[in-house]
Amino acid sequence: MIERDTRGIDVERSRWTAAVRAGIDTDRAHGAVVPPIYLSTNYRFAGLDTRGEFDYSRSGNPTRSLLADALAELDGAAGAVVTASGMGAITICLMAMAGPGLRIVAPHDAYGGTWRLLEALRDKVGYDLRLIDLTAPDAAGRVRELAPDLLWVETPSNPLLGISDIPALAGAVHGAGGRLVVDNTFCSPALQRPLALGADAVVQSSTKYLNGHSDVIAGVVTAGSAELVEELAWWANCLGVTGGAFDSYLTMRGLRTLRVRMAAHLANAAAVVDALMTHSAVERVHYPGLASHPGHELAARQMDGFGAIVSFEVAHGEKGVAALVAGLKHFSLAESLGGVESLIVHPSSMTHAAMPPEVQKVAGLTPGLVRVSVGIEDADDLVADLRAGLARVQALGGNSIRA
Ligand code: PLP
């Protein structure tokens with residue numbers, strides 16, 4: 001791609017150079033290399049009928065705009081709307097694309113907060129919500145039958161890392177005249193670009209990999225058409241869920257290192273998966289990088305790497321999980337994912353607690369399931385820590401599948 005920089009020089013660069021250099025060297029006041037943060041809530045009018053690009057920071061803010069442009073370029077989008085949280089991003093998508101009498105098809109194992117919002121808004125808005133297994137081999141056929149106005153996809157899914165076929169689902173929903181939104185939180189544009197695979201819009205919780213340092217709650221929607229971007233931006237402003245300047249500044253800083261962080265995450269995830277696969281206290285490992293994973297070939301086709309979220313089931317159910325997490329030194333027992341530090345979570349009592357037990361069961365969440373977000377610490381430390389935890393599970397005795 002070629003564009004002119006602020007000095008009028010033609011610059012040819014990839015989208016990753018663009019992410020690193022977004023806003024660099026643009027400060028006219030002092031020549032600051034790093035773009036300043038604009039905290040002001042409001043902007044002076046030059047005259048009664050002469051407004052500048054920005055007037056009020058809920059509607060538009062230079063720091064947030066810089067981030068939105070960089071995110072749009074990384075996704076190959078017409079534009080991006082930066083929101084105060086991932087849930088804010090999901091909310092504006094539903095406001096723009098859901099309505100009374102319309103049909104929404106969504107995964108039966110979506111992130112718990114997404115599930116809660118879809119359920120809660122169904123009663124207020126009056127749409128027809130169908131939750132189905134979008135990782136099933138016949139998922140595109142089911143979508144064709146259901147002919148939704150909006151298809152919601154999360155791939156890989158949370159927490160079981162199921163893989164949905166984005167191009168096939170895009171074809172199915174477009175054939176029915178509907179639109180496809182993909183939640184790309186687990187991948188970020190470093191690993192998957194759903195717009196290029198046929199999605200109409202992409203949602204991310206920037207809280208995760210985009211920022212990458214577990215110190216910002218934020219979200220983003222990117223979309224392929226300028227009209228949809230405009231509609232989403234209208235809703236974000238109307239609802240008051242646009243992202244704050246300081247959060248946008250930090251997210252921009254995180255974004256500059258996304259590609260190198262992700263490479264380190266992937267290498268560590270591979271080491272962790274290897275260790276889990278050979279441990280007798282582990283009953284099952286869910287990771288799309290494994291040849292035994294049902295979505296492996298699909299993931300290899302549509303992703304640029306298998307991600308750094310790994311779920312596994314330990315022996316002895318919840319008691320096994322308690323033994324595993326009790327003395328971990330390098331995995332914090334905490335919700336969220338995608339930060340540089342490793343985390344471990346028990347989905348059924350933590351991230352997915354909003355789902356009643358019967359819904360959890362349908363989604364495949366077992367009491368012994370844990371999800372780890374593999375960080376960028378030293379791989380040997382992470383593996384040793386997990387092995388010590390699994391030895392505590394083993395010490396509980398009794399049967400385990402691999403014993
Ligand atoms: N989508 C997915 C897949 C998530 O995992 C999360 C949060 O964990 C969200 C959306 C919501 O994002 P946020 O917590 O930033 O509102």
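**Exercise 1. Determine how β11 pairs with β14, and in which sense.**

Step 1. β11 and β14 run antiparallel and are joined by five bridges. Strands (E, at least two residues) and helices (H or I, at least four) are DSSP runs, numbered from the N terminus. Two strands pair if DSSP finds at least two bridges between them.

Step 2. Find a facing residue. Ile309 stands opposite Ser373 in β14.

Step 3. Turn to β10 (residues 282-286). Four bridges join β10 to β11, again antiparallel. Here Val285 stands opposite Phe312 in β11.

This is a predicted model: local features need pLDDT of at least 70, side-chain atom pairs count only at pLDDT 80 or more, and totals for chains, interfaces and linings use all residues. Residues are numbered from 1 along each chain as its sequence is written, and side-chain values use heavy atoms, with hydrogens and water left out.

**Exercise 2. State how many residues of β11 are buried, and which way they point.**

Step 1. Six of the six residues in β11 are buried. Buried means under 20% relative accessible area (1.4 Å probe, protein chains only).

Step 2. Sort by direction. Ile309, Ser311 and Glu313 point one way from β11. Val310, Phe312 and Val314 point the other way.

**Exercise 3. Identify the buried residues of helix α11 (residues 317-326) and elements that cover them.**

Step 1. The buried residues are Gly320, Val321, Ala323, Leu324 and Val325.

Step 2. Their cover includes β11 (309-314), β12 (332-333), β13 (343-345), β14 (369-373) and α13 (379-394).

Key. Buried < 20%, exposed > 50% of the residue type's maximum accessible area, 1.4 Å probe, protein only. Contact = heavy atoms within 4.5 Å.
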